[in-house]
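Colleague: Hey, I'm new to this one. Could you walk me through it?

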Amino acid sequence: MFGQNREQLRSFFQQVWEKRNAGQPLAGLELVVSQVLAQHPEYHALLSDPLALHSDFSVEDGQTNPFLHMGMHITLAEQLGRDRPPGIRDLHRQITLRTGDAHTAEHRMMECLGVVLWEAQRSGAAPDEQAFL
């Protein structure tokens with residue numbers, strides 16, 4: 001989808017940001033990525049910084065990886081669009097009603113998604129969709 005390494009993924013984000021700012025047409029996944037990027041003004045300067053392609057965002061240094069954060073939003077957008085795992089769309093709707101904001105609901109869901117992905121990576125298994133829900 002994006003490429004095989006983090007620099008290609010980050011470059012894709014930056015290219016979408018450049019196209020969006022230039023008013024160029026976006027299609028398919030670019031539209032989803034553009035919407036996520038627009039929701040994160042705290043990362044806009046980073047999206048124009050060529051050095052960000054190679055930056056490490058260390059938890060030990062108190063940093064959050066903005067590309068991982070936005071990538072998880074994109075993952076959720078794809079899951080919600082397909083309702084996969086089944087029931088995620090309804091769960092998102094419930095959390096949105098409880099929090100009053102879809103973006104906040106996604107952040108809550110991303111906490112669970114992060115745990116499930118970490119456990120899958122650690123065990124070498126596929127992510128457990130039911131555990132995620």
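Colleague: Okay, what's the mean pLDDT of the protein chain?

Modeller: This is a predicted model, and the mean pLDDT of the protein chain is 91. Of its residues, 97% reach 70 or more.

Colleague: Which elements have the lowest and highest mean pLDDT?

Modeller: Helix H7, residues 129-132, has the lowest at 89. Helix H5, residues 88-99, has the highest at 97.

Colleague: Let's look at helix H2. Which of its residues are buried?

Modeller: H2 covers residues 29-38, and its buried residues are Glu 30, Val 33, Ser 34, Val 36 and Leu 37.

Colleague: Where do they sit around the helix?

Modeller: Looking down the axis of H2, the buried residues fall within an arc of 165°, so they line one face of the helix. In general, an α-helix has 3.6 residues a turn, so residues three or four places apart point the same way.

Colleague: And what do those buried residues of H2 pack against?

Modeller: Three helices: H1 (6-21), H3 (44-47) and H4.

Colleague: What does Glu 30 touch?

Modeller: Leaving out residues up to four places away in sequence, Glu 30 touches Phe 12, Val 16, Lys 19 and Pro 25.

Colleague: Now H3. How accessible is Leu 47?

Modeller: Leu 47 is in helix H3, and with a relative accessible area of 1%, Leu 47 is buried.

Colleague: Which residues is Leu 47 in contact with?

Modeller: Setting aside neighbours within four places in sequence, the contacts of Leu 47 are Phe 13, Gln 14, Trp 17, Leu 37, Phe 67 and Met 70. Leu 37 is also one of the buried residues of H2.

Colleague: How far apart are Leu 47 and Ser 11?

Modeller: Along the sequence they are 36 residues apart, and in space 8.8 Å, C-alpha to C-alpha.

Colleague: Switching to H4: is Gln 79 buried or exposed?

Modeller: Gln 79 belongs to helix H4 and is buried, at 16% relative accessible area. Beyond residues up to four places away in sequence, Gln 79 touches Arg 84, Pro 85, Ile 88 and Phe 132.

Colleague: Where is Pro 85, then?

Modeller: Pro 85 is in the loop between H4 and H5. The peptide bond leading from Arg 84 to Pro 85 is cis, with omega near 0°.

Colleague: What about Asp 83, what's its phi?

Modeller: Asp 83 has a positive phi of about 50°, although it is not a glycine. As background, most residues other than glycine have a negative phi, and most peptide bonds are trans. Asp 83 lies in the loop between H4 and H5 too, and counts as partly exposed at 24% relative accessibility.

Colleague: Pockets next. How much space lies in the second largest pocket?

Modeller: About 150 Å³. Its lining is made of Phe 57, Val 59, Gln 63, Thr 64, Asn 65, Leu 68, His 69, Met 72 and Met 110.

Colleague: Which helix gives the most to that lining?

Modeller: Helix H4, residues 66-82, which gives three residues.

Colleague: How many of the lining residues are nonpolar, polar or charged?

Modeller: The lining of the second largest pocket has five nonpolar residues, four polar ones and no charged ones.

Colleague: Last stop, Val 115. Where is it found?

Modeller: Val 115 is in helix H6, residues 102-123, and is partly exposed with a relative accessible area of 43%. Val 115 and Pro 127 are 12 residues apart along the chain, and their C-alpha atoms are separated by 9.6 Å.

Note on methods:
Residues are numbered from 1 along each chain as its sequence is written. This is a predicted model: local features need pLDDT of at least 70, side-chain atom pairs count only at pLDDT 80 or more; totals for chains, interfaces and linings use all residues. Side-chain values use heavy atoms; hydrogens and water are left out. On a 1 Å grid over the protein atoms alone, a cavity is a set of points where a 1.4 Å probe fits but cannot get out, and a pocket is an open set with protein on both sides within 12 Å along at least five of seven lines; lining residues have an atom within 4 Å of a point. Grid points are joined across faces, edges and corners, and a volume is the space filled by probe spheres set on the points. Helices (H or I, at least four residues) and strands (E, at least two) are DSSP runs, numbered from the N terminus. Ala, Val, Leu, Ile, Met, Phe, Trp, Tyr, Cys and Pro count as nonpolar, Asp, Glu, Lys and Arg as charged, and the others, Gly among them, as polar. Buried means under 20% relative accessible area, exposed over 50%, partly exposed in between (1.4 Å probe, protein chains only). The arc is that of the directions from the helix axis to the C-beta atoms. Contact means heavy atoms within 4.5 Å. pLDDT is the predictor's confidence in each residue, from 0 to 100.
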